[in-house]
Amino acid sequence: MRFSFVHAADLHLDTPFRGVPVESALLGAFQQATFRAFTGIVDVCLRERVTFLLLAGDLFDLKDRSVRARLALRRELERLHAAGIQTFIVHGNHDPLSGDRGTLALPDSVKVFGAAWEEVEVRREGQVLCRVQGVSYPDVEVRENLSARFHRTAPGFTVGLLHANLGGAEGHANYAPCTLEDLAARGLDYWALGHVHTRAEYPLPNGAVAVYPGNPQGRHVNETGARGCVLVEVEEGRSQRRFVPVDRVRWHRLEVSLAGIGSLDALLAALVERVDGACAETLDGHAVRLTLVGRGPLHRELSPPEALAQLEAELREQLAQRHPPVLLESLRDTSRPELDLVAARLGGGFAGTLLAEAEATSADPAALEALWDESAELRALRLRLRRLGVDVLETPQAGWVSQAGARLVEALHEEDGP
C-alpha cells in the first residue's frame with residue numbers, strides 16, 4: 001500500500017540566534033524564523049497530503065519551553081489535525097519530558113511517546129499501513145543506547161523515531177549513542193532520527209535507511225545552507241526521500257580574494273557581488289560571514305584593526321538595504337601581503353636564507369625532531385598537556401615550519417614597505 005509522511009527534527013522553536021546584534025533591523029525576522037520554518041513544514045504536509053508527520057526531538061530550544069513556543073506548536077498541529085494528518089513526537093535533550101508542565105493540551109491526532117518504548121499502528125480504512133515506534137528522553141542527559149529497545153514486531157513497514165547521536169557525531173552531545181550496526185540489528189525499515197543538525201542518510205541492509213533531516217532553520221554561522229525536512233514516499237515496503245527546504249533565513253560563509261583588487265571601491269563592489277550571487281533566493285533574509293583571502297595590494301591598507309572595522313561597518317549598512325536584506329555577521333581578514341615568496345627565495349639575502357632554511361627543515365624529519373627537542377619551553381608544555389590528558393604531537397608538522405618562515409618574511413616585507 002502506498003503512503004507518504006514528512007520527517008523533521010530539531011525545530012528549536014524560539015531559539016536565540018547567535019551573531020545577530022540586538023539593534024539589527026533583521027532581528028525580528030530572525031526571531032520569527034524558527035516559527036515560520038515549522039509553518040513551512042506543516043505546509044508541506046498539507047500540500048503533499050501526507051499520512052503523518054514525524055518530529056524527532058528538540059521541538060523546543062529549552063527544557064523550560066516558552067509560552068509562545070508551546071502555543072505555536074499547538075497552532076500548527078491543529079492545522080494538521082483539521083486535515084486528518086497524524087503527528088508522532090519524541091522529545092530529546094533540549095525538550096525532555098521533565099520540562100513539560102502539562103498545561104497546554106495537544107490535538108487528539110498527536111501521539112507523544114513517553115519514556116518507555118512503545119509502538120503505534122497507523123491505519124487506513126481498517127488496514128495497517130505501517131507501525132511507528134518511539135521513545136522520549138525523560139530528562140536532559142540520556143547515556144543509554146535507546147535504539148536497543150526497538151525491534152520489529154510484525155511484517156510491514158516499520159519506523160523508528162529516535163533522538164540519538166549516531167556514530168559519535170562531533171559537535172553534538174553524545175546522548176543515546178548508537179552505531180549503524182545497532183540500527184541494522186533492529187530490523188526496522190526507516191529510522192527517523194534527530195539531534196544532529198546536518199542532513200544525512202545512511203543505507204542499511206535490505207533497503208532500510210537511517211535519516212537525519214537536519215534542523216529546519218539554521219541558527220548561526222556554523223549551520224549554513226538550505227535547511228528543511230524530508231518528504232518520504234513509501235511503496236511496496238521501500239522508501240523514496242526528497243529534501244524540501246523550509247528555512248526563512250539562510251546562513252552563508254563566503255570568501256573574496258584580494259588578488260587583482262587595487263582599490264577600496266573595487267573591493268566593496270566585489271564583496272557585494274559575491275553576496276548577491278550567494279543570497280539571490282528570496283527568503284525573509286540572509287546572514288553572511290565574509291572572509292578576505294589571497295594576496296593583494298590592499299592587504300597592507302586593511303591590516304590596522306580600525307581599517308577593517310570601518311570597511312565592515314560600511315558593508316553592513318549596504319547589505320542591509322539589499323532585497324532580501326542581508327545581515328553581515330562579520331568581515332574577517334586572512335589575506336596575506338602581496339609578496340612573491342618564490343622570488344624572495346631565489347633573491348637571496350636574509351629573506352631568501354630564512355625561506356631556504358625553513359624549506360630544508362620541513363623536509364628533514366631529524367631536523368624537525370631536533371627543533372622540538374631543543375626547546376625546553378616546548379618540552380615543558382608537552383609534559384603539562386600530557387598530564388591533563390591532551391594528545392600531543394611528538395614532532396611539529398612540516399607545514400608549521402614552512403608557514404612560520406613565510407610569515408616571518410611577510411612581516412619583514414610589511415616593515416620595509418611604505
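# A tour of the strands and helices

Select Pro203 and Val209 to begin: Pro203 sits opposite Val209, a residue of strand 10. Before moving on, note that this is a predicted model, where local features need pLDDT of at least 70, side-chain atom pairs count only at pLDDT 80 or more, and totals for chains, interfaces and linings use all residues. Residues are numbered from 1 along each chain as its sequence is written, and side-chain values use heavy atoms, with hydrogens and water left out.

**Around strand 10**

Helices (H or I, at least four residues) and strands (E, at least two) are DSSP runs, numbered from the N terminus. Two strands pair if DSSP finds at least two bridges between them.

Now select residues 200-203, which form strand 9; four bridges join this strand to strand 10, and the two run antiparallel. Five residues lie between the strands of this hairpin, and Asn206 takes a positive phi near 65°.

Show the side chains of residues 209-212, which make up strand 10. Which of them point one way, and which the other? Val209 and Val211 share one direction, while Ala210 and Tyr212 take the other, and all are buried (under 20% relative accessible area, with exposed over 50% and partly exposed in between, using a 1.4 Å probe and protein chains only). In a regular strand the side chains alternate between the two faces of the sheet.

Move to the open sheet with the order 4-3-2-1-11-12 and mixed pairing. Its edge strands are strand 4 (110-112) and strand 12 (238-245), each pairing on one side only. From one strand to the next, the twist averages 20° (axes are lines fitted to C-alpha atoms, for helices over the stretch in contact, and angles run from 0 to 180 degrees between N-to-C directions).

Select Ile89 and Val112: Ile89 stands opposite Val112 of strand 4. Then pick residues 27-48, helix 1, which lies across strands 1, 2, 11 and 12 and runs at about 175° to strand 1.

**The sheet of three strands**

Finish at the open sheet ordered 13-14-15, where the pairing is parallel. Seven bridges link strand 14 (285-293) and strand 15; in strand 15, Ser330 is the bridge partner of Arg289. Helix 4 (264-278) packs on the sheet, touching strands 13, 14 and 15 (contact means heavy atoms within 4.5 Å). Last, select residues 305-320: helix 6 lies across strand 14 and strand 15, at about 160° to strand 15.
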